[in-house]
Amino acid sequence: MKKILALALVFCLVAAFAAVAYADNPVVKIGVFEPQSGDNGAGGKQEVLGMQYANKMTPTVEIDGVTYDVQLVFADNASSNDKAPTAAQDLISNGVSLVLGSYGSGVSIAASDTFLNAGVPAIGVTCTNPQVTAGCDVYFRICFLDPFQGTVLANFAKSELGASKAYCLAKLGDDYSGGLCNYFIDAFGKDNCVYEQFPEGTSDFSTYITNAQNQGCDVFFSPVSTEAAAQIIAKADTQALGMPILAGDTWDSNVILNAAKGTDVRICVTTFYQEGANAEFDAGIKEWINSDATALANNGGNDELAAVTVMGYDAYYVALEALKAAGSVDPEAVLEVLPGVTYEGVTGNIAFDDIGDALRDSAFVKECNTETGVWDFVTVATVG
Amino acid sequence: MKQNEKKVSWISFLLVLAFLGLVFWLDQIIKPTNKMYMLMTVLQKGSVYALAAVSMNLLNGYTGLFSLGHAGFMLIGAYTYAIFTIPSSARDTVYQYFDAAIRISFPELLSNSMGSAGTVLGVAIAVIFAGLAAAFFGYLIGLPVLRLKSDYLAIATLGFAEIIRAVFQWQKLGPITNGSNLLKNFMRTSLFKLKVGDTKLVFSTFVPVLIATLSIIVIVKLVNSTYGRAFKAIRDDEVAAEAMGINLAKHKMISFTVSSFFAGVSGAMMAMVLSIAQASNFKAAMTYEILLMVVLGGIGSTSGSVIGSFLFVAASEWWLRGLDSGKFLGIEAPGIFRNGFRLVVFSVIIMIVVLFFRKGIMGEREISDLFREKKKAKGAAR
Amino acid sequence: MGKTILPYIISGISVGGQYALIAIGYTMVYGILRLINFAHGDVFMVAGLMMVYMAAAMPLYIAIPLMIVLTVLLGFLIERVAYRPLRTAPRMSVMISAIGVSYLIQNLALYITGGLNKNYPSIPWISDRVHVLGLETSRVTIITPFLTLLLVVLLVLLINHTKIGMAMRAVSLNFETSQLMGIRINNVISATFIIGTFLAAVGSMLFFTNYPGVVPTSGAMPGLKAFVAAVFGGIGSIPGAVIGAFIIGVAESLIKGLDTILIVNGTITEQIGFATFSDAFTFVLLIIVLVFKPTGLFGEKTTDKV
């Protein structure tokens, strides 16, 4: 109780101090549309970490000669498509200039109409389903798309893993896993794939593992949420799956590393960023995560970086670039200049095409080292 | 007395009209970027849930059939409405992984020949279609389950709702339902705008409120008819009702089908308000929430259900939001007021109502009853 | 063929055993109070969640008994606070109260966990990998059905050979009469809830060791399925609930693997997607039973009195 009281007191003091110190700076609001609970809650929190770190590094932005304080406004979409439009509306009513997010494609698709209706631009950070930006003029994104990622994964499965028959597992009604499986199957060949979907709330994955074994598959493709992933890995270990597990960018998370450590399961993923690519950035953000108890808890208890965190960091700077270019905090003005915004981020160059998708043509492939519990770099993959 | 009745109905008619006018006016002045837009969200969602709650009350409160299948019927309504209003230009994007089988869009079809009046008519037809589809399934499900008694009926209808959800998510039905993926780009509230001369009129909130109002009026009429009296007789004592010559099977079926019809309509409204439709949203938890709204308002009171659902939506979406974001009533305590606290407070309130105020807000009375009582009291005083 | 199906059967029997432990709680409460205790599945979830938090703070040999005691206490309190005041109210009110409790528990769990998945601690020995009948599986899968049967036998002995057991049977036969005969009805009901939640706590330990993710809605589906199992076996009958649970567990597991079984068998060449119906199938079974044999497999005939 004392601790809480003390915390509250400190909070009030800091707030008062902040109000005094920056009283003369106007505020620009950036909406953070991310899941903080539900299936994708853990992933959403990691993505937010990047934005918070970026906000800490660069708390102000100069727009049209005036220095603004950047304030992140949060709304939890609860990983649920029916809560997403309300959360989005919440941000819009709060007067945000633009929105970042979300982790998980379904919620972004669900909210796209709300953003479109209000004319508030949104920058998707790691939502890879093509439908997010297709037909929505206000949605942009800085990540690669599922058709690309699915093809990369299928090629990798064929050439590097030598697979001839793939087992694909998605969650019912989930646009991320369903979409990615669909494009993987397109690239791998429909006749050589077994595609199954599990209903929400499934906790028994042992039968799906048995299915893959019984049908003689030689790669297990399951780009599902990290929550389900941990259980799949545990079952794959006890049932001696006997084939590598392959997944997309969501699995690039320390949840997976923790689950896989000490097992004999082989896991490969495609992702946006390889830790070590920018040593200075890595060191900085790790120091921040270790110094902030909440940040450490949100990152799953250790300082292993997730690619989504780095993407969140870049997204924040893209937002600042857009605000600078617009010379105004008006969403309409930001929307106008956003297609032309470019930025050289930690994860590479960011620029948008006609639809609003990022021009990205490479993905990192990583493999989980089950002895040390870290990711090992495998290759940089491109298509075409 | 007769005259008094007439007077009351006139007054309520005028009140409803004034309310609709107010909503229409608010629609024009509050834009999505306005801070007060939460009010519009509450009005939109509130009317969806109000209709859902009133239709559930028809079954649970007036007929005494404890059914927990509401989410299933709403799902059918939402999908029917969505599928038949997706414009042809958007259909292939929506059915991303499938070859769409149903290629009719009522609003589009009618607007080709009739202009914007056709769009309005098309939406109306799609909404009615949604209700009919739900009523049809309600009839089919009613055949076996209505013979069951209280809790068995509850669990069987709950089961049917789960089965419906699974069927709609089935990959093999993808060309119709888009598999388990969401449906979007259909006629939704954000598109309900009309250009008259140079002014753009907005109907985003007005339309759902209007549909809910009309539907609830129909239900009230039904409840006050001979059918309604038969329903109440069945609720109070089945054996006695049967002895008085009420056909139990027929009346239960009527109540069940009508309730399903309006559940379907509210499902269609839910789709247009949320701008998406997806089977995975229509879980048993949704039915429970609607049931709690009915309880909050008072089982067996239509106006109670309406008040209950608006209170429920406003409290959970708007008033109590501060409980989730660190600051409530000026008290800052981010350690306690964090994500999810709102729902905890809310469920505690509901438990208190369930345990200590079993009659809910209205009991079995209606707003017009309150009006009458006041009059009576006044008369007595005089 | 046998080699293909065997893994599904084994995993089904194991799930069935876990459902059985929950189903007993439903069937006993229904037998006595005629109440579907919707919150029972959520109590099962809370047991899992408590274990997550307590295992992090204390050694397992303290955490496990403490978890069981606290869960039992929770079951007891729910009855005292939410059901007892409504003893004379219509049945619908009590059921609504049960739904309200379930809503409250889930929201409370959501608040405490922050809506995030919690990983169940692995209990040594029972979560080890074992090699049985040419299959790789965890030890808990093999142990569950035996442990379930042992507990059921003990329970049946308790009901048939102790004073409180006799009182329970009397109350479930006739509520009012047994009250007149001097049975303290409230004690009997409390005992029922205590036994039911105790078994659910044990069940949760087995279930979450096998499927180690705990979320606020973890209890909802197993709870509903266990209830269906109780109806299937004839509500009020303990052996019925256990057999019903095993049938449902095996059927569910087979449905999930049906595509694969048929493909390996050569009956079909393309996936049909039966796995989508793994939850729904349980309810199909329920409705078939309710329509054709409403009293379930072992239920006694009852007539409604005017």
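## A tour of chains A, B and C

Select helix α5 of chain C: its buried residues are Val140(C), Thr141(C), Thr144(C), Pro145(C) and Thr148(C). Buried here means that 20 or more other C-beta atoms, placed from the backbone, lie within 10 Å of the residue's own. Helices are DSSP runs (H or I, at least four residues), numbered from the N terminus.

This is a predicted model, in which local features need pLDDT of at least 70, side-chain atom pairs count only at pLDDT 80 or more, and totals for chains, interfaces and linings use all residues. Residues are numbered from 1 along each chain as its sequence is written, and chains are lettered from A in the order in which they are written.

Stay on α5(C), residues 139-161, and check its length. The expected span is 1.5 Å times one less than the number of residues. For these 23 residues that gives 33 Å, and the end C-alpha atoms are 33 Å apart, which agrees.

Next, show chains C and B together. Here 36 residues of chain C are in contact with 35 residues of chain B; contact means C-beta atoms, placed from the backbone, within 7 Å. Which element of chain C gives the most to this side? It is α4(C), with 14 residues. The side of chain C that touches chain B has 26 nonpolar, eight polar and two charged residues. Ala, Val, Leu, Ile, Met, Phe, Trp, Tyr, Cys and Pro count as nonpolar, Asp, Glu, Lys and Arg as charged, and the others, Gly among them, as polar.

Now select residues 70-83 and 150-169 of chain B, which are helices α3 and α7. They pack at an angle of about 30°, with their axes 8 Å apart; the axes are lines fitted to C-alpha atoms over the stretch in contact, and angles run from 0 to 180 degrees between N-to-C directions. α3(B) and α7(B) are therefore roughly parallel, a term for angles under 35 degrees. Residues that make the contact include Leu75(B) and Tyr79(B) of α3(B) and Phe160(B) and Phe168(B) of α7(B).

Move to chain A. Colour domain 1 (25-144 + 278-352) and domain 2 (146-271 + 364-382) separately; the bounds come from an automatic or database domain assignment. Their C-alpha centres lie 27 Å apart, and 21 residues of domain 1 of chain A are in contact with 21 residues of domain 2 of chain A. The side of domain 1 that touches domain 2 has six nonpolar, 13 polar and two charged residues.

Methods. Two residues are in contact if their C-beta atoms, placed from the backbone, lie within 7 Å. Helices (H or I, at least four residues) and strands (E, at least two) are DSSP runs, numbered from the N terminus. Angles under 35 degrees count as roughly parallel, over 145 as roughly antiparallel, 65 to 115 as roughly perpendicular and the rest as oblique. A residue is buried if 20 or more other C-beta atoms lie within 10 Å of its own, exposed if 12 or fewer, and partly exposed in between; C-beta atoms are placed from the backbone.
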